[in-house]
Amino acid sequence: APSVNLDYKVDPGGRYKLSDIDILGVDAIPSKTLEDQMKTKEATPIPFLRGRGVTSDDMLRQDANLISKRLRSLGYRRAVVDVRRGVSLKGDKLLITFDVEQGPRTYVEDIVIRGNELMTTAELSQHVSIKPGDPLVESVVNGDSDRLLSTYTNPGFASAAVAYDAVDLGRLDGQDRVRLIFSVSEGNRVRVRGITTRGNAVTNTGRLTKDFYLFKTGDWLRADLMQETERDL
């Protein structure tokens with residue numbers, strides 16, 4: 001079969017020192033906080049510590065996504081990040097600018113809990129910390145979902161699930177408004193039918209059952225007691 005030789009000629013061009021990283025248009029998060037988490041790093045005076053700085057097209061994409069994700073987690077769901085590169089007048093320094101359009105913040109107009117039959121909405125609402133008028137902060141909503149789930153899994157509803165969704169209600173006074181919906185799937189209550197211990201070559205099973213297991217056969221399956229037992233073991 002015929003063969004060919006492929007010759008690649010590479011022109012690396014000039015080498016730059018990454019002297020400056022700017023994040024423009026963000027006031028919700030300190031720039032220093034974002035830069036500490038980014039992969040792109042400025043040059044330092046110490047040669048063996050990224051002396052000329054560190055960056056690449058892939059790193060810049062990841063950093064732009066990081067800024068966007070952090071803003072959206074705080075309720076700035078329309079945040080857009082654009083990356084611009086520049087070279088100093090002397091031509092030896094690289095300048096990176098993250099140009100951010102932060103956009104309006106999203107606030108919770110009202111809160112709905114649905115799918116619950118075994119517990120009343122009033123009972124479940126006691127475990128929800130976010131309130132109408134609060135910004136839609138991802139960590140707060142996730143924490144509320146976990147607490148709602150615990151109200152079911154702790155008494156033995158092992159297959160329960162909680163999901164949330166934000167339904168757009170339009171904009172008011174320059175703010176995006178949403179209806180926050182927690183959807184509950186209660187599932188069935190589960191009892192412990194049997195307990196099997198494996199892998200305990202050193203410790204006696206009876207001692208584990210007596211001193212560490214916080215549940216026994218016939219009890220309702222409680223997620224909190226299972227987790228505490230695992231930590232103790």
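A residue counts as buried when its relative accessible area is under 20%, and aspartate 176, at 3% relative accessibility in this predicted model, is therefore classed as buried.

**View 1. Aspartate 176 and the salt bridges around it.** Aspartate 176 belongs to a network of salt bridges that also links Arg78 and Arg171. The side chains of arginine 78 and aspartate 176 meet in one of these salt bridges, with a distance of 2.6 Å from N to O. Arginine 78 lies in the loop between α2 (57-73) and β2 (80-87), whereas aspartate 176 lies in strand β6, so this pair ties together parts that are 98 residues apart in sequence. Arginine 171 also forms a salt bridge with aspartate 176, and here the closest N and O atoms are 3.1 Å apart.

View 2. Three strands form an open sheet in the order β4-β6-β5, and their pairing is mixed. The edge strands, each of which pairs on one side only, are β4 (106-114) and β5 (161-172). From one strand to the next, the twist averages 20°. Helix α4 (residues 138-153) packs on this sheet and touches β5 and β6, its direction making about 140° with that of β5.

View 3. Strand β6 (residues 175-185) pairs with β4 in the parallel sense, over eight bridges. Arginine 114 has serine 183 as its bridge partner in β6. A salt bridge joins glutamate 109 to arginine 177, the closest N and O atoms being 3.7 Å apart. Because glutamate 109 lies in strand β4 and arginine 177 in strand β6, the pair ties together parts that are 68 residues apart in sequence. Glutamate 109 is partly exposed, with a relative accessible area of 37%, while arginine 177 is buried, with a relative accessible area of 16%. The structure as a whole holds ten salt bridges.

View 4. In soluble globular proteins, nonpolar side chains tend to be buried together. The largest nonpolar core in this model has 18 residues, of which Ile23, Ile67, Leu71 and Phe98 touch the most other members. Two or more residues of this core come from each of the elements β1 (17-24), α2 and β3 (93-101). When residues up to four places away in sequence are not counted, isoleucine 67 touches Ile23, Leu34, Met38, Val81, Phe98 and Val100.

**View 5. Serine 73 and its contacts.** Serine 73 lies in helix α2 and is buried, with a relative accessible area of 15%. If its neighbours within four places in sequence are left aside, serine 73 is in contact with Leu136, Val137 and Glu138.

Conventions
Residues are numbered from 1 along each chain as its sequence is written. This is a predicted model: local features need pLDDT of at least 70, side-chain atom pairs count only at pLDDT 80 or more; totals for chains, interfaces and linings use all residues. Side-chain values use heavy atoms; hydrogens and water are left out. Two strands pair if DSSP finds at least two bridges between them. Helices (H or I, at least four residues) and strands (E, at least two) are DSSP runs, numbered from the N terminus. Axes are lines fitted to C-alpha atoms, for helices over the stretch in contact, and angles run from 0 to 180 degrees between N-to-C directions. Contact means heavy atoms within 4.5 Å. A salt bridge is a side-chain nitrogen of Lys or Arg within 4 Å of a carboxyl oxygen of Asp or Glu. Buried means under 20% relative accessible area, exposed over 50%, partly exposed in between (1.4 Å probe, protein chains only). A nonpolar core is a set of buried Ala, Val, Leu, Ile, Met, Phe, Trp, Tyr and Cys residues joined through side-chain atoms within 4.5 Å.
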